[in-house]
Amino acid sequence: MPDQLLFAIEVTLNGLMAGVMYALVALGFVLIFKASGIFNYAQGVMALFAALTLVGLQNGQVPFAHLINAIFGTDVHHFGWHLPAFVAIILTIGVMILLAIIVERYVLKHLVNQEPIILFMATIGLAYFMEGFGDMMWGSEIKKLDVGLPQGISESIDATTYNWFGYGFFIDRLDIVATVIAALLVISLTLFSQYSKQGRALRAVADDHQAALSVGISLRFIWVLVWSIAGFVALVAGIMWGAKSGVQFSLSLIALKALPVLMLGGFTSIPGAIVGGLIIGVGEKLFEFAIGPMIGGATENWFAYVLALLFLVFRPQGLFGEKIIERV
Amino acid sequence: MFYREAGDFKTSYTDDSQTFPIKFDRWRYYAVLAVAFGVIPFIIDDYWANAVLVPFLIYAIAAIGLNILTGYCGQVSLGTGGFMAVGAYACYKLMTGFPEISIVFHVIGAGFITAGVGALFGLPSLRIKGFYLAVATLAAQFFLVWLFNKVPWFYNNSASGQISAPERTVFGIAVTGPNTEAWAKYLICLCFVVVLAWVARNLTRGTIGRSWMAIRDMDIAAEIIGVNPLKAKLTAFAVSSFFIGVAGALFFSVYLGAVEVGEVFGIQKSFLILFMVIIGGLGSIFGSFAGAAFMVLMPVLLKNVLVGQLGWPTDLAAHLDFMIVGALIVIFLIAEPHGLAQLWRLAKEKLRLWPFPH
């Protein structure tokens, strides 16, 4: 096989893996949008916050250490323990559930019946708050996240492909793990929403708030539930991205990467998030590979948006989104 | 006591439809203008000009621009930073390309160029609505910033990739470049603000402004009663971008002097201006000023109190700043979705009766 083609295949594979990572973030958006019609801009910051909390708990950092030191002139920083990853993840899930309860009680409850755009702006405010809060709680320096996931080039794939084509593909083992986890997550979320009682209630709320209320479904509980699940998805995304590039401020920007994925796949569709993620992942890697060098590179920042924009002009509700019917 | 309409008789339609129909309000407005033009230029110093007044005035223009698009026409845009960058780079190219023409025309020209770019990126708004459009405008943000970074023609092949404003004068007084006096910076921005706010106020209450508001309130119904959505949406994008472009041009040439596009006109700028519009009040010119003042003053104040008075480290103050901005936005949306402008309206209503109960 010619080298260029092999390169292209490798790029495509890596694009698919990157697409899975985008889809992981997009999934959190879709969940909340489906259940409450809120476009949750804070999803990316939730991933950052979850990852920060996980690292902080694991290393036994004292929360707000910086603040305490600044006010009282003390010098505290660590409790001096080191939690196993499993315990830290459980505790972080607890924190994310607590966060969901707080968000529901102090923000969403007061904004029922407001226009969607007001709710969207509220989540931007929430994103800012959590960004400052997370940094203040755990410090803003770059942290290393290590929960025992495999990393580095996968030698077996490298060796196998070398035997077949005479050229070894470079694929990160972390990406493979992420793909498996994303698949598991999607399957379990689908099963949950199809077969469990709470899942059905969730779909009922998504369908029609008032009808759901009238058959006795507690809207507040469903909102807490769905924000908790979104918090859990954010934690998974935070672990994956954090293991890949360290836990730092830029992690919250993955929300911006997930937005074109959402536009492409449609805001209301879980399969759409996956397919959209894959299209964007492959598209931007191939574009950077084929056209990027001709026009100066670093096209990954905007390609996804322009692709989604062009796509939307022809199909305004995205690939799998619900058809928008407008009446006066 | 205040803001009473009693004894203020209107004898013509022009009187009846003026911007400040109440005499007290009108005089207060003249007083503000008199102080802004007649007092502040004489007492202003470098700190006040650079930290508070000049950014306030420039952000006010940008906020009015975004308010026209989002508050009056209902199209949410997250591409403000990108459009400001268009204004800045257009201004730079005009300044260096035609040095013999006055800087005032360069700034206005930059506004018109931005209006063209804005209308172009507004085209998808005819098909896409709501969140999909908000996300689509991010395409403009990222693409434009990338473009100005990658194409050397835009920054005249300068080695650093930055653009820096050469010295230009108005009536023989330097308004750009390193030798500019604080009062000159302030005055040129003030002139632009006053003229543009007047234009915006009159556009928004005329035919075109009414068609924007009809589109905002319900686009299909507006279309049925004869508002042309193509014209309304594209003019909103163009006018809004004109204001934002002028703000970008002033931000670069008068305020900063040298600009690195990714840093100054990034996505954070888009959000900052969106916050000004929300906190100030959607669909209100006064709200744009109030929001800009609020978002400019608050970090300065926080920094002075926390770093200056309490001696906290600057990074802690920055984190707290984030938290307070975020919390304020949420609190504002819960307590008063119509922003500072609505609070001001309520205060006026209260002042009208005060100190009597009825």
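Colleague: How many helices and strands does chain A have?
Modeller: This is a predicted model. Read along its sequence, chain A runs α-α-α-α-α-α-α-α-α-α-α-α-α. The count is 13 helices and zero strands.

Colleague: What share of the chain A contacts with a separation of 6 or more comes from residues 24 or more positions apart?
Modeller: Burial first: of the 328 residues of chain A, 44% count as buried. For the contacts in chain A with a separation of 6 or more, residues 24 or more positions apart account for 73%.

Colleague: Which spans of chain A does UniProt list as "transmembrane region"?
Modeller: The listing comes from an unreviewed UniProt entry. In the model, the span 38-59 of chain A is 77% helix and 0% strand, with its end C-alpha atoms 35 Å apart. Residues 110-130 of chain A are 71% helix and 0% strand, and there the end C-alpha atoms lie 19 Å apart. The record lists residues 6-31, 38-59, 79-103, 110-130, 176-196, 217-241, 261-282 and 294-314.

Colleague: Are α11(A) and α13(A) roughly parallel or oblique to each other?
Modeller: Helix α11 (residues 254-265) and helix α13 (residues 300-314) of chain A have axes 9 Å apart. They pack at an angle of about 20 degrees. Angles under 35 degrees count as roughly parallel. α11(A) and α13(A) are therefore roughly parallel.

Colleague: Which residues of α13(A) does α11(A) meet?
Modeller: α11(A) passes α13(A) in a left-handed crossing. The residues of this contact divide into nine nonpolar, no polar and no charged. From α11(A) come P260(A), M263(A) and L264(A). In α13(A) they meet A304(A), Y305(A), L307(A), A308(A), F311(A) and L312(A).

Colleague: How do α2(A) and α4(A) lie to each other, roughly perpendicular or oblique?
Modeller: The axes of helix α2 (residues 43-59) and helix α4 (residues 85-106) of chain A come within 9 Å. They cross at roughly 135 degrees. Roughly perpendicular covers 65 to 115 degrees, and roughly antiparallel needs over 145. α2(A) and α4(A) are therefore oblique.

Colleague: What is the make-up by class of the contact of α2(A) with α4(A)?
Modeller: The crossing of α2(A) and α4(A) is right-handed. A50(A), T53(A), L54(A), L57(A) and Q58(A) of α2(A) meet A85(A), A88(A), I89(A), L91(A), T92(A), V95(A) and M96(A) of α4(A). By class, this contact of α2(A) with α4(A) has nine nonpolar, three polar and no charged residues.

Colleague: Which helix of chain B gives the most to the side that touches chain A?
Modeller: In all, 36 residues of chain B are in contact with 42 residues of chain A. α7 (130-150), α10 (219-224), α13 (267-280) and α15 (314-335) of chain B each supply at least two residues of that side. By class, the side of chain B that touches chain A has 30 nonpolar, three polar and three charged residues. With 13 residues, the top contributor is α15(B).

Colleague: Does I215(B) count as buried or exposed?
Modeller: I215(B) is found in helix α9 (residues 207-217) of chain B. Beyond four places in sequence, I215(B) touches C73(B), G74(B), A222(B), V227(B), P229(B), A232(B) and K233(B). The cut-off for buried is 20 or more C-beta atoms within 10 Å. I215(B) has 25 such neighbours, so I215(B) counts as buried.

Colleague: Which helices of chain B do the buried residues of α9(B) pack against?
Modeller: In α9(B), G209(B), S211(B), W212(B), A214(B), I215(B) and R216(B) are buried. The buried residues of α9(B) pack against α4 (46-72), α8 (182-204), α10 and α11 (229-256) of chain B.

Colleague: Is Q268(B) buried or exposed?
Modeller: Q268(B) is found in helix α13 of chain B. Q268(B) has 11 inside 10 Å, so Q268(B) counts as exposed.

Colleague: How far apart in space are Q268(B) and K93(B)?
Modeller: In sequence, Q268(B) and K93(B) are 175 residues apart. In space, C-alpha to C-alpha, the distance is 25 Å.

Colleague: Is the peptide bond from W354(B) to P355(B) cis or trans?
Modeller: P355(B) lies in the segment after α16 (339-353) of chain B. Omega for the bond from W354(B) to P355(B) is near 0 degrees, and the bond is cis.

Notes. Residues are numbered from 1 along each chain as its sequence is written. Chains are lettered from A and ligands numbered from 1 in the order in which they are written. This is a predicted model: local features need pLDDT of at least 70, side-chain atom pairs count only at pLDDT 80 or more; totals for chains, interfaces and linings use all residues. Two residues are in contact if their C-beta atoms, placed from the backbone, lie within 7 Å. Helices (H or I, at least four residues) and strands (E, at least two) are DSSP runs, numbered from the N terminus. Ala, Val, Leu, Ile, Met, Phe, Trp, Tyr, Cys and Pro count as nonpolar, Asp, Glu, Lys and Arg as charged, and the others, Gly among them, as polar. UniProt positions are given in the numbering used here, feature names are shortened, and annotations may be inferred rather than shown by experiment. Axes are lines fitted to C-alpha atoms, for helices over the stretch in contact, and angles run from 0 to 180 degrees between N-to-C directions. A crossing is left-handed if the near helix is turned anticlockwise from the far one by less than a right angle, and right-handed if clockwise. A residue is buried if 20 or more other C-beta atoms lie within 10 Å of its own, exposed if 12 or fewer, and partly exposed in between; C-beta atoms are placed from the backbone.
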